Structure formats: structure tokens, C-alpha cells
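Subject: The two-chain model, handed over

Hi,

Here is the structure I promised to pass on.

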Amino acid sequence: MSTFALDNPVWNRLRDPRTAGIAGIVLGVVACFVALPPITARSPLYPVLVGIAAAILGLSAALRGLRRLGWGAFAAGLIGIVLGVLATRSSEGNLSIVFTASLIASMFVFSTPLVFGSMAGIFSERSGVVNIGLEGMMLMGAFWGVYGADKGKSWAVGILVAMLAGGLLALVHAYFAIHLRADQIVGGTAVNFLALGITGYFFFQLYNGQDIPIGVSTIPDVHLPYIRHWKYIGPAIGSLNLLVWVSFALVIVTWFVLFKTPIGLRIRACGEHPRAADTVGINVYAIRYGCVVLSGMLAALGGAYLSIGFGGGAYTDNMTAGRGFIALAAMIFGNWRPFGAFGAALLFGFSTALAYRLPAYSGSAATLFQALPYVLTLIAVAGVVGRTVPPAADGKPYKKQ
Amino acid sequence: MTDELVLEMRGITKKFPGIVANDDVSLDVRKGEVHALLGENGAGKSTLMNILYGLYKPDEGQLLLQGKPAVFGSAKDAIQAGIGMVHQHFMLIPVMTVAENIVLGNEPVRDGVLLDERGAEERVRELSKQYGLAVDPTALIADITVGQQQRVAILKALYRGAEILILDEPTAVLTPQEATELFGIVRSLRADGKSIIFISHKLNEVLEIADRITVLRRGKKVATVSREGATEESLARAMVGRDVLLRVDKPPAEAGEPLLQVDDLHVFDDRGIEKVRGVSFAVRAGEIVGIAGVDGNGQSELIDAIAGLRKIESGTIELAGRTLEHATAREMLDAGLGHIPEDRQVRGLVLEFTIAENIALHDYAEPPDAKWGWLFPKKLVERARTLIREFDVRGGGPLSRAGTLSGGNQQKVVVAREIARDPRVLIAAQPTRGLDVGAIEFLHRRLVDERAEGRAILLVSLELDEILSLSDRILVLYEGELVGEHGADVSEEEIGLEMLGGRRTAA
């Protein structure tokens, strides 16, 4: 082995435990994917071999000190083997039902509310206010979005009403968190229940708890000319909802605002060290209020997407069903960074999309994939794949001297 | 220095509920002078400066800048008027760069909305050249030394056009060498016509750097004197209101058998970084061994390991003849260890508990405090009352909450508790941090008394003065290793050099 190591650049690189660990994780994912379309390896040998390679790389990294990364890669290899072998044992027909280009479209569909939610969370938490009330703000957006679209006869009105409602609820959270310096976890939880109550009450009062009129104005899909008819790409992105594209833009804008503008620097300063911001004349309260309210409005956009976007103008009680919390998880998984959170939202969206299709041949695997976001979040928070570092003053009320 | 006054504070009074923080205080600062503000903790220095910096509004009194009345509603107003503050804790954001920290709140912009990072870095480079404050604008604050961070904080004020610079206890976090550098910076700023208000409670540095000195005591101005003619003794008397013993008088140590022996100790911190790397030393009965070092060189981890609060990676600790392996904090205490922790408010005391309860924190389960699982509050109070008298704790009785005491009296409670258990070995970690001259005097004398009782005392302090005046032997800790061992007669410069890793000798 030593002679082999002497003049082989790949091997030389893998001698760095970090590279080995990362390569192990990548191989773990590959182990699962070789058995899926479009590769569709039919022999269980391939995923097993690749998976074992991943596990070995992980082990070598773990034994050389990088315990977290190494064991993570080791686990990725084993999981890759299990999933890959499972896939090779199911029929090719089933596989191609599940893994089509529209799976990508489906991933975007499911990840969009999470993208809005996680960007909302980033704004709030980067300014120093933990926003566990995302769920409630989303729910407000979902209900008032459909209400606005119905009464205003236009989806645009729906979006405006949704953002107004989300912003108002966020204002309540901001008042408790910033002005009264209440515990932000407790305040956020209360906000969630408040939203549940408000939407439940008005849903009953205004719509009898069920009768959203059919034909409410909904947010249109964007049908890309030409591209729509291309192979693979067409079905994947040819006719996505307008808000899906808006969510992509939002990620870029969020990144741009936070890291490339003076106001972004100030927001981050408030989340890291509010006293330092205060002593140079930055109004910490104003920034935090602004960010929390903006957060509510963005979360509400995600909610509106659920009811009058891909929901097609329908609303049910507690429609968000925990998506606000998953968005929060995506934000944490993405280390409070816009592109990181976007990646996490896509990953979670993908696993949800998969979970919707898998029952075609395995009900238990579907449930497994539904749990994936939570498992991944736990892994991320435990610090297996790089440690997540929240803003230093996140969740800490600021009191002027 | 000219006689032109840039700042006058006239008859400033500021009341807080139950206390008059500033009582008719007047202060004037000339252009191009270093004006020291001297006083014990709670004398009203911070309040006065917070008023000047626009953080508080005075109840009475007037502020004149360049002869014109000024009213500051916020720090922003003060900054605009040319007042800059370098806080004791620098108000810098560790995860951001030097340039970002300096321009924060006043950022250069390009293309209308963009943060002009290049421009910011360029501006910082210019400033740092102009004033001779070398910093790298692109470095992260977390990656630079404390001395450099302080320069960034000064640049931050200069960037905002400060003409009057307030330095709040600037040397508290510096090594002697860094302090010397700071004095050089202060002198060149003065030569540039800036006025500097230098807040301190260290007499020697005030005498070294200041042109004039204003002394505050209990919210009142005692005097403004010029440096010529002032002595440490006269200033101490003005600060405290009585004669103070500045030097600790102690007979040479009569060291006995070793009571604490540490051998090849390795300890990791919470992030898995090795902070103590093969440290060996012994502390004998009846001697004080001082450990000098810049903050963060492994002192905390070393203390925690000896106190049983942190896992030992390898090495042994022998206490009063017993080798203790992986002992818990309780086992260490029972083996004869007393521990005055570095942060009395976080680790030394339960601030919400009464003094009596705090004193019983170790022995609450043993007679006379408790029997058959029952606690006897009256016994607690009785014991506390005796100790309060013996250690001269003022400002509260056995049933007062520990949090209501002043820092010095809180520390006396901690010391009383630890010494009352009659430990063979006493660890004193930064025993006088943040305390004023009077309390320091008391605690230092007490430590010397305990040495005479035959205890082995391990003193860990960031204050080199304290190490030098109390210790019989001095060890220097640098990056987790002992790089020097000296007798009590070593010079400050020699140790200072070793604290910075300048010279490594086998200890």
C-alpha cells in the first residue's frame, strides 16, 4: 500500500482525514443512487461495494481524530448500502414511477414553503430574535391569503392580506420578545397557538369551517416557453408556480442584503453583539422589530403558497402541519446562511417528495423518508457534519443601559 | 498641551434609586492632554463617562464642548460631537473582520446600496498608518490578540472623528508589554492634539501616563491634581479616604512538605483543544506559588482540573499525600482543597441565596448544618454570623441575598467559606479581580495570614502586580506549558517577556 501511496494523487489527498470523511459521505450517497434511475444498477453488489468504500473512508477519518465527520461518513455508507440494496430488490417499473424528472418539480413544490420559512427565520434570528412562531405566521398567511384572494377576487390581494396578517402576528412576537423581553421560546410557542386560534375561529365564522368557494383566484404557474418541452428539464422546471421562482429570488436577495449591504452588516451586528451595535448609534430595537416583522411577512408568503399556490385555493384547519418547524430546522441545518438553508430546504423537500411516491412499492420506506428531515436536523444539531453556530446573541433580549 | 478647554462638565449630578452616583462632579479636559479619572469601583467613574457618552442623562449639571453647551440624547449624538469611547470590554464582534467592526454603523457605500468592503479596508489602512496602530483590516477579530483588538477599538473611535477619547480601564486585559505599547499609542495621540480621558484604578500607570488626575470617591470629586507632586500614597489616600497599605508586608516563607503535586498534567478544553500540556509543579505547606500568564493560556483549565471540575486527559494530581485519579469536585474538597473560583458571581456564589446558605454550600449535609437528612437553618445562620464578623463582610447579615452585596464583600463571603473548612491546599483564582483598593488590601493580607497557618496556596492571577507582591515562587504559563520559574525577586519585565512566549526555559 505504501508504494501505491507514493505516487497516486487521489490517495495522497485521501490521507487528509477531512477529505477522506467528506469523500466517505459523498460515496455513501452514491451507494444509494447507483441503484436508482437513471443509473439503475440491478445487482446489489454495486451499492454494497460503494457503501463499504464509504464506511472504510469514514472509519479511517474517525480513527485519525475526526470523530464526528468520520462516524458520519461511516453511517452514511451503511445507510447507503441498506437503501441501495432495497432499491435493487424492487422492480424497475416501480423505480421509474418514483424517480422521474417530475420528482425534481415535486421537490421544488414541497421545498418552497420551507424556503420562505427558513429565509424568514434567518432574518429574525440574524437580528437576534428566535422565531419559533414561524409556524403560526405561516398559518396566518395560509388562511388570510385564501381569504384575501376570495374577497378581493385576486391572488395578489390574497398575498398582500397574507403578508399583512403574518406581519401583524410577528409584531406581537416582536413586542413580547423585544419590548417586554419575554422568553422568546415561550413567546413564539404562544404565538403559534394564537395563530391556531385566530385562523380556526375565523375559518369557522367566515367559511363555516369548510366552505371555501371553488374557483378562488390562485397564484399562477409560470410556463416557460420552449424550455417546457425539453426532455428532463421541461418536466422539472417548465411549469412551476410563480412563488417557487420568487422563493429562489428571495434566497439570493436575502444573501445579498445580509452580506453585501450596510443594513445587513447592522442586522448581523445586532444578532451577534447588540451592545456593540448600540454604542455606534445603531438602533437595535428598530432593527429587531423590522427583522421580526419582515420575518412574519415572508413566512406568511410561504403559508399563502400552501393555500392559494400549489394548494389550488383550498384551506384546511392547521394547514401548515409543522412546516414552520421544518423550515426552522432547515435554517439551523443551513447554519443560519441563506444558501445553506436553501440547500437544506431542497433536501427536505426532496425527501417529502420521495415519501409521497414511495408508497407505490413500500409503505414503510415512505414513512422513513418522511422522518428524514427530522433525523438530518438532529444530526446537524449534534454537530456531525460541521458544527452549527447560531448568532451569538440569538434569543437574548437586549436591554439598553 | 495647551490651556484650551475642549470639554467641561459642570456640577453633574446623577441619581439612581437609592444612590447618588454622581454628586456635583465637575471635570475639565484640555486639548492634547491625558486626563486620568481615578477612583474605586462604585466611585462614579463609569456613570460620569456614560453621561459624557450620551448613555445617561444627568439630573443636574451642564456639558460644554469647546465652550458651547451640548446635550446628548444618545451615543450617536456624542459620537457626532467627537467623543469616542473604548470600552473595557471592547464592543467588537468576534465573527466579523477588523474593517467591518470599525465601519459598523457608518459604512462606506458604493453603487448606492452596496457595502464598500474594499473602501472600508482602504480607510482602515490609512487610519492605521496615520496613527501608527498596526492592524490587518481583513483579519477576524476572533483571530487577533487582545492588544490588537484594543487597537481596533481605538481605530473605531478615530474613524468616527473622535477628538476626545475615553479609555475605560484599558490596561486591565493587557500584558505589561502590551500596556507599554498602549502608552506609546496614547502619547502619540496626545501629540496629535487628541484629548484622552484615562479611566483607571491602578496608581502606577496613572502616574506614568496622565498629565492631570481627577479623583472620585463615592460619587464626589475629591480633587484634580497635576501629575507633578502626586505620589501613589497621596492618590490612594484620596481614593479610599484613609491611608492604605500598598505593599504587602510578609516575612520570607517557611515552606514545609509539598501538599499539592501536579505531575505531567494534560487537559483539554470544551472544544477539544489541549490547553494544559504537560504541566508539573508542587506547592508546599506555608508558601504561595503564583501562576502568571496572559488570559487564555490554560489557567482556567488547570484550575478546573485540580478542582475536579474538568476531566484530566493524563497526568496525576497528589493532594496532601493522596493521589487522586479522576476525582470529583466533592472528593477533591474532602481531600483538603479550598477553591476560590475565578468568577465569584457565576461559580463562587449562588446570588439568589442568602449569605448563610452560600456559606453552607459545601457542608449543608453534615453536622452541625444538618442531621438525619434535616437542615437546621438556625445553625447555618449562627455559623454565617461568626464568619461575617471574622471576615468583615459589610452591607448585609446572614439572611441578606448574596447578590445584594458589593463585589468585595461577595468575595469575602467566598473566601470565608473556603477558609472556614480548614483546607490544606487553597487555590485562589483571580481573588481580587474587579475589587477596589480597600478590599484588595484585606484579601491580600488574609492570604498571607493563611500562608502562615501552613496552608499551601496556589495563586492564579492575570494581575502581574498581585503575583509579584504575594508569591514566594512564580511560575509562568504560556500556551499550556510552564515556561519559567522564578523566586519572588524577579523583575516584571522578565516575566512579561515569558508571558508572551518570548523565552522558553525548562521549568
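One cut-off before anything else: a residue is called buried if 20 or more other C-beta atoms lie within 10 Å of its own, exposed if 12 or fewer, and partly exposed in between. Val246(A) has 19 other C-beta atoms within 10 Å, so it comes out as partly exposed. You'll find Val246(A) in helix α12 of chain A, residues 242–260. Its C-alpha atom is 9.2 Å from that of Thr112(A), although 134 residues separate the two along the chain.

Gln205(A) counts as exposed because it has 9 C-beta neighbours inside 10 Å. From Gln205(A) to Ser247(A) is 42 residues in sequence, and 32 Å in space from C-alpha to C-alpha.

For chain A the mean pLDDT is 85, with 89% of the residues at 70 or more. Residues 1–5 of chain A have pLDDT below 50, and that stretch makes 3 contacts in the model beyond near neighbours in sequence. Where pLDDT is low, the predicted coordinates should not be read in detail. For chain B the average pLDDT is 89, and 98% of the residues score at least 70.

**Chain A**

Chain A has 401 residues, of which 49% are buried. Its secondary structure consists of 18 helices and 2 strands. The chain splits into domain 1 (2–89) and domain 2 (101–381), and the C-alpha centres of these two domains of chain A are 35 Å apart. If you take the contacts in chain A between residues at least 6 apart in sequence, 73% of them link residues at least 24 apart.

**Chain B**

Chain B comes in three pieces: domain 1 (5–240), domain 2 (257–336 + 424–500) and domain 3 (343–422). The C-alpha centres of domain 1 and domain 2 of chain B are 34 Å apart. Where these two domains of chain B touch, domain 1 puts in 10 residues and domain 2 puts in 11. On the domain 1 side of that contact, α6 (176–191) and α8 (232–240) of chain B each provide at least two residues. The most come from α8(B), with 3 residues. By class, this side of domain 1 of chain B has 5 nonpolar, 4 polar and 1 charged.

Which of its residues are buried? They are Leu235(B), Ala236(B) and Met239(B). Those three are on the same side of α8(B), because they cover an arc of only 100° around the axis. The buried residues of α8(B) are covered by elements of chain B including β3 (34–38), α7 (203–209), β11 (212–217) and α15 (437–452). Just past the end of α8(B), Gly241(B) has a positive phi of about 90°.

**Where A meets B**

Between the chains, the contact is made of 20 residues from chain B and 17 residues from chain A. On the chain B side, α2 (75–80) and β8 (114–115) of chain B each give at least two residues. The largest share of that side is from α2(B), with 3 residues. Sorted by class, the side of chain B that touches chain A has 13 nonpolar, 4 polar and 3 charged residues.

Over to you!

How values were computed. Residues numbered from 1 in each chain as written. Chains lettered and ligands numbered in written order. Predicted model: local features only at pLDDT ≥ 70, side-chain atom pairs only at ≥ 80, totals over all residues. Contact = placed C-beta atoms within 7 Å. Helix = DSSP H or I, 4+ residues; strand = E, 2+ residues; numbered from the N terminus. Nonpolar A, V, L, I, M, F, W, Y, C, P; charged D, E, K, R; others polar. Domains from an automatic or database assignment. Arc of directions from axis to C-beta. pLDDT = per-residue confidence, 0-100.
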